[in-house]
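Try each task before reading its solution.

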Amino acid sequence: MADRMPLMAGNWKMHHNHLEAIQVVQKLSYRLDDKDYKGVEVVVCPAFTALRSVQTTLEGDRIPIGLGAQNCHWEPKGAFTGEVSAPMLAKLNVKYVIVGHSERRELFGETDDVVARKVRAVLGAGMSPIMCVGETLQEREDGVTDAKVSRQVRSAFAGVSAGDVGRCVVAYEPIWAIGTGQNATPADANATIGVVRGILRELVGATADGLRVLYGGSVKTGNIVDLMAEPEIDGGLVGGASLDPDEFARIIRYGR
């Protein structure tokens with residue numbers, strides 16, 4: 001994994017109101033110690049309504065967990081009812097923003113072009129995108145996984161400077177594994193992430209060797225050790241398992 005520090009990011013999706021979110025992040029902090037934080041960068045991505053509450057909890061209690069958001073709009077402001085801009089998130093000391101998650105692409109019609117705009121918006125506001133790529137089950141069965149993720153990576157980072165790409169994180173999430181209990185084998189995940197890193201090397205050269213690429217898709221305590229044993233996998237974008245502070249703490253510890 002070269003000198004890449006593992007990253008475990010909890011994507012809470014549409015779960016936990018602000019009161020529940022405070023409790024979960026406090027409980028998570030009680031279960032982690034200095035050794036965990038030195039070995040793994042930990043991030044939680046609450047719903048928009050809980051961001052401010054989690055921010056003040058992390059800062060007030062001096063908890064060394066990073067704050068992430070699950071989405072943003074590509075424009076800094078404007079007549080976009082119901083949307084949240086990257087500069088708004090930056091004012092909450094958000095460090096990471098998930099961009100192009102398959103649920104955004106599949107359920108809300110986000111195209112590669114939209115994802116690319118959001119990557120630039122997040123970078124422009126001084127934060128780091130966690131840019132997601134992944135294939136459907138049909139695409140995997142058709143043997144086009146590598147072509148799909150390659151296209152997504154090239155589109156997201158086309159024209160972005162090597163320095164800015166170096167601030168990003170990529171998450172490989174096979175769509176067929178998200179929330180299903182299924183997951184790619186560690187070897188398969190490592191191979192696809194190797195493809196992702198290869199495309200990044202074409203785009204930004206040696207910068208790609210320091211950029212973290214995560215695996216997401218039914219990550220849990222039962223598979224995190226084997227996943228993290230693979231050389232190309234730098235951590236996890238954890239969904240349902242991150243909602244439980246006990247389970248997420250175990251994933252973090254096993255992933256050190």
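This is a predicted model: local features need pLDDT of at least 70, side-chain atom pairs count only at pLDDT 80 or more; totals for chains, interfaces and linings use all residues.

**Exercise 1.** Which helix gives the largest share of the lining of the largest pocket?

Solution. Residues are numbered from 1 along each chain as its sequence is written, and side-chain values use heavy atoms, without hydrogens and water.
Step 1: find the pocket. A pocket is an open set of points on a 1 Å grid where a 1.4 Å probe fits, with protein on both sides within 12 Å along at least five of seven lines. The largest has a volume of about 450 Å³.
Step 2: list its lining, the residues with an atom within 4 Å of a point. There are 16, and K13, M14, Q70, N71 and R104 lie nearest the centre.
Step 3: assign them. Helix α5 (residues 102-108) supplies four residues, the largest share. Helices here are DSSP runs (H or I, at least four residues).

**Exercise 2.** Where does the charged end of R104 sit?

Solution. Test the cut-offs: CZ of Arg must be within 6 Å of the ring centre and within 35 degrees of the ring normal. The charged end of R104 lies over the ring of F108, 4.2 Å from its centre.

**Exercise 3.** Check the span of helix α10 (residues 186-204).

Solution. Take 1.5 Å times one less than the number of residues. With 19 residues, α10 should span 27 Å; its end C-alpha atoms are 26 Å apart, which agrees. Next comes G205, whose phi is positive, near 65°.

Key:
Helices (H or I, at least four residues) and strands (E, at least two) are DSSP runs, numbered from the N terminus. Grid points are joined across faces, edges and corners, and a volume is the space filled by probe spheres set on the points.
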